[in-house]
Amino acid sequence: MSRTTTPPDGLVVVDKPAGFTSHDVVAVLRGVARTRRVGHAGTLDPMATGVLVLGLGRATRLLGHLALTEKEYRGTIRLGQTTVTDDAEGEVTGAAGAAGLDPAAVAAGVAALTGDIMQVPAKVSAVKIDGKRAYRRVLDGEDVEIPARSVTVSAFDVTEIAERTAEDGTPVTDLDVTVVCSSGTYIRALARDLGAALGTGGHLTALRRTRVGPYGLGAARTLDELRAELTVLPLGEAAAAAFPRWDVDERQARLLGNGARLGTPALPPGPVAVFGPAGRFIALIEARDDTARSLAVFV
């Protein structure tokens, strides 16, 4: 990673603190980097901490594609209570309690929420319903119905089970979990649905994102660290780390840089980073019918 007071186009991997929205973090980085051109790949709720990938300058054009990559989380699911937001920030709406749960029943509930599943996002979320955010409709007193959508939960593992007593005296069971999932998966919804399947209700009490695509906590910096020394992953290195690579010659690089379509070798599906001679990052392309279609050009 390069360190400079005048950052190049590139990515900044932030360890987001609790209590900050993703937009709050963008605002901080705009001040630190002295540029308005800052965006983020994949929103984190204020309660959540961990990896938030930001783009500076031309790297903002990578963000929409990075947001679609696999994500990894550690969290705590509380069984025995439901909340209006499906997490600890919302008002408790039910307290059925959860003591003496059968571990086999918990395991079966987790297994049912693993793999390719249909998931209804949390009602208090940024999902748009007829052009308006769901959480805005809830705040306006509307009864929101969000359609289910397909997501993939590659791994959903319970690492610890502990019986506790909630602040209101309800006996609850807390599950520490790790989840690897596709973009668009709501961990809050997994907590809600697991609690519903077990007949106890459930919500999320802690969440930490540990990875977005290839970028993990080891590469992340706190806001205080970034204020002291801005750390930027240059654009080419960021693209090489996140996407499959295709190296081309000077003629192909020139044509792709001008947005021309070229025949391609066998390339994996999805975005591919194209590099010209001397490792110069040229474009992000997608191969369709053995022809390169430019998604974004960077020269």
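Buried here means under 20% relative accessible area, exposed means over 50%, and partly exposed lies in between, with a 1.4 Å probe and protein chains only. The model is predicted, so local features need pLDDT of at least 70 and side-chain atom pairs count only at pLDDT 80 or more, while totals for chains, interfaces and linings use all residues. Residues are numbered from 1 along each chain as its sequence is written, and side-chain values use heavy atoms, with hydrogens and water left out.

**View 1. The whole chain, as a starting point.** Buried residues make up 47% of the 299 residues. The chain has 8 helices and 19 strands; these are DSSP runs numbered from the N terminus, with helices being H or I of at least four residues and strands E of at least two. Along the principal axes, the C-alpha atoms fill a box of roughly 70 × 45 × 40 Å. Of the contacts with a separation of 6 or more, 68% are between residues 24 or more positions apart, where contact means heavy atoms within 4.5 Å. The accessible surface comes to about 13,700 Å², and carbon and sulfur atoms hold 49% of that area; accessible areas come from the Shrake-Rupley method with a 1.4 Å probe, and for residues only the protein chains shown count as cover.

**View 2. Inside the largest nonpolar core.** A nonpolar core is a set of buried Ala, Val, Leu, Ile, Met, Phe, Trp, Tyr and Cys residues joined through side-chain atoms within 4.5 Å. The largest one holds 40 residues, and Leu29, Ile77, Phe156 and Leu230 touch the most other members. Helix α1 (residues 22–33) gives the most to this core, with 6 residues. A second, separate core has 25 residues, among them Val51, Ala220, Leu235 and Ala242. Returning to Leu29, its contacts beyond four places in sequence include Val12, Val14, Leu54, Leu223 and Leu230.

View 3. Arg30 is found in helix α1 and is partly exposed, with a relative accessible area of 27%. Leaving out residues up to four places away in sequence, Arg30 touches Thr35, Arg36 and Val38. Ile282 is 252 residues from Arg30 in sequence, and the two are 26 Å apart in space, C-alpha to C-alpha. Do look at Arg34 too, in the loop between α1 and β3 (38–41). Arg34 is exposed, with a relative accessible area of 71%, and has a positive phi near 55° in a residue other than glycine.

View 4. Strands β18 (residues 281–288) and β19 (residues 291–297) run antiparallel and are joined by 6 bridges; two strands pair if DSSP finds at least two bridges between them. Ala283 stands opposite Val297 in β19. There are 2 residues between the strands, and Asp289 takes a positive phi near 55°. Asp290, in the loop between β18 and β19, has a positive phi of about 60° although it is not a glycine. With 55% relative accessibility, Asp290 counts as exposed.

**View 5. Thr114 and its contacts.** Thr114 lies in the loop between α3 (103–112) and β8 (115–119). Its relative accessibility of 30% makes Thr114 partly exposed. Not counting residues up to four places away in sequence, Thr114 touches Val153, Ser154 and Phe156. Leu175 is 61 residues from Thr114 in sequence and 16 Å away in space, C-alpha to C-alpha.
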